[in-house]
Amino acid sequence: MKSTPLAYGFLLVGLICVVAAVLYAIGALQLFTSGPGNHYKHAILLGVLAVASFIAFNFARPRTV
Amino acid sequence: MGLLQGASELFPVSSLGHAVLVPSLLHWRFKQSDPSFLPFLVLLHIGTATALLILYRDQWVAIIRGFFTAAIRGRMDNDTERLAMLLLVGTIPAAILGVLLESRIKTLFASPYEAAGFLVVNGVLMLGFESLRRRAERRAALAAGSRTEQEAHFASAERISFLAAAIVGACQALAFLPGISRSGVTIGGGLLAGLRHEEAARFSFLLATPVILGAGIVEVPSLFSSGVPIAEYLAAAVLSGIAAYASARFLLRYFRSGRLDPYGWYCIAAGLLSLALLTLKA
């Protein structure tokens with residue numbers, strides 16, 4: 001069984017991950033980090049999660065065809 | 001420590017809780033607040049994940065192939081591809097929470113009292129999952145049947161819904177709390193989603209592997225930079241893997257007809273006993 005709210009939840013999560021990854025990479029976001037600076041580890045992980053979320057969105061959404 | 005972690009990781013009794021409690025109770029010279037403690041535990045977890053990869057090697061080859069095939073094609077054509085996508089959906093919630101809460105989680109390792117308390121909570125959760133499962137069996141008029149007949153009524157991992165997979169995956173985040181068992185909450189979640197016990201355990205073990213390996217990739221480099229005895233730690237990881245492999249084989253056989261109850265009662269008893277011993281020691 002597929003779920004529209006779940007699918008769009010993944011789409012939203014993916015978009016948030018992209019924005020957060022950019023903000024972590026440029027050092028504008030320090031939330032949940034050990035200190036100030038550029039947090040490339042967070043950025044890369046969130047980038048991977050964004051891709052995973054977009055794939056999950058594609059497969060979790062109900063299809064009409 | 002490696003044997004303890006490997007043996008307790010896949011049992012629904014919280015390896016992390018035991019890893020925090022046992023050294024405190026037995027006066028081992030581990031400092032849970034030490035910055036290398038979490039990476040060391042993660043290294044032990046990689047031993048466990050390697051054991052799971054070996055145990056499910058054929059399935060993982062098919063799942064990875066199925067994942068890329070389905071992702072490129074844009075649709076799922078068989079059960080393996082569906083399982084690959086269910087595992088992806090189940091992994092995302094725990095991975096996000098792990099990335100965001102990593103630095104805060106480390107502060108929780110300082111207190112064995114919290115680990116003992118959460119171990120009791122874990123026990124109550126296990127009993128609750130089984131209670132709800134028995135209710136489902138009664139609703140389906142299976143209470144009078146044999147355990148094999150009861151289990152046959154429920155589904156395989158590939159039939160779980162995407163929403164249920166996401167919820168089961170999110171439950172993994174609870175296991176960041178020392179004392180709450182990752183395999184316990186995911187097996188319990190799988191039971192609530194209508195899986196057979198053995199299938200819930202298989203889904204739990206498959207779901208664990210990418211999360212544990214991902215945590216390892218993030219944490220292990222910090223272990224190598226902190227001046228710890230790497231050879232000793234690697235030996236512990238190997239022991240952890242051997243113990244985990246034996247545990248997984250045992251559990252898959254056990255869950256053909258067994259339930260979570262014994263582990264629930266064990267967690268409650270161990271948690272309460274640990275709290276009493278820690279209080280007396282203080």
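**Conventions.** Helix axes are lines fitted to C-alpha atoms over the stretch in contact, and angles run from 0 to 180 degrees between N-to-C directions. Helices (H or I, at least four residues) and strands (E, at least two) are DSSP runs, numbered from the N terminus. The structure is a predicted model, in which local features need pLDDT of at least 70 and side-chain atom pairs count only at pLDDT 80 or more, while totals for chains, interfaces and linings use all residues. Residues are numbered from 1 along each chain as its sequence is written, chains are lettered from A and ligands numbered from 1 in the order in which they are written, and side-chain values use heavy atoms, with hydrogens and water left out.

**View 1. Packing of helix 1 against helix 2 in chain B.** Helix 1 (residues 2-9) of chain B packs on helix 2 (residues 15-25) of chain B at an angle of about 150°, and the two axes are 8 Å apart. That angle makes helix 1 of chain B roughly antiparallel to helix 2 of chain B (angles under 35 degrees count as roughly parallel, over 145 as roughly antiparallel, 65 to 115 as roughly perpendicular and the rest as oblique). The crossing of helix 1 of chain B with helix 2 of chain B is right-handed; a crossing is right-handed if the near helix is turned clockwise from the far one by less than a right angle, and left-handed if anticlockwise. From helix 1 of chain B, B:Leu4, B:Gln5, B:Ser8 and B:Glu9 meet B:Ser15, B:His18, B:Ala19 and B:Val22 of helix 2 of chain B, contact meaning heavy atoms within 4.5 Å. By class, the residues of this contact between helix 1 and helix 2 of chain B are three nonpolar, four polar and one charged. Ala, Val, Leu, Ile, Met, Phe, Trp, Tyr, Cys and Pro count as nonpolar, Asp, Glu, Lys and Arg as charged, and the others, Gly among them, as polar.

**View 2. B:Ser14 in the loop between helix 1 and helix 2 of chain B.** With a relative accessibility of 1%, B:Ser14 counts as buried (buried is under 20% relative accessible area, exposed over 50% and partly exposed in between, with a 1.4 Å probe and protein chains only). A polar atom of the B:Ser14 side chain lies 3.1 Å from the backbone nitrogen of B:Gly179. Not counting residues up to four places away in sequence, B:Ser14 touches B:Ser8, B:Leu119, B:Pro178, B:Gly179, B:Ile180 and B:Ser181.

**View 3. Packing of helix 1 against helix 11 in chain B.** Helix 11 (residues 230-254) of chain B packs with helix 1 of chain B at about 30°, with the axes 7 Å apart. Helix 1 and helix 11 of chain B are therefore roughly parallel to each other. Helix 1 of chain B passes helix 11 of chain B in a right-handed crossing. The contact is formed by B:Gly2, B:Leu3, B:Gln5, B:Gly6 and B:Ala7 of helix 1 of chain B with B:Ala236, B:Leu239, B:Ser240, B:Ala243, B:Ala244 and B:Ser247 of helix 11 of chain B.

**View 4. B:Thr48 in helix 3 (residues 37-55) of chain B.** B:Thr48 counts as buried, at 0% relative accessibility. Its side chain makes a polar contact of 3.3 Å with the side chain of B:Ser240. A polar contact is a pair of N or O atoms within 3.5 Å; within protein, one must be able to donate a hydrogen and the other to accept it, and residues adjacent in sequence count only if both atoms are side-chain atoms. Leaving aside neighbours within four places in sequence, B:Thr48 is in contact with B:Gln5, B:Gly6, B:Glu9, B:Leu10, B:Ser240, B:Gly241 and B:Ala244.

**View 5. Packing of helix 2 against helix 12 in chain B.** Helix 2 of chain B and helix 12 (residues 261-281) of chain B pack at about 40°, with their axes 11 Å apart. Helix 2 of chain B passes helix 12 of chain B in a left-handed crossing. B:His18, B:Leu21, B:Ser24 and B:Leu25 of helix 2 of chain B make the contact with B:Tyr266, B:Ser274, B:Leu277, B:Leu278 and B:Lys281 of helix 12 of chain B. The residues of this contact of helix 2 with helix 12 of chain B divide into five nonpolar, three polar and one charged.

**View 6. B:Glu199 in helix 10 (residues 197-224) of chain B.** B:Glu199 is buried, with a relative accessible area of 10%. The side chains of B:Glu199 and B:Arg202 are joined by a polar contact of 2.9 Å. Apart from neighbours within four places in sequence, B:Glu199 is in contact with B:Ala155, B:Ser156, B:Ala157 and B:Glu158. B:Glu158 is 41 residues from B:Glu199 along the chain, and their C-alpha atoms are separated by 9.1 Å.
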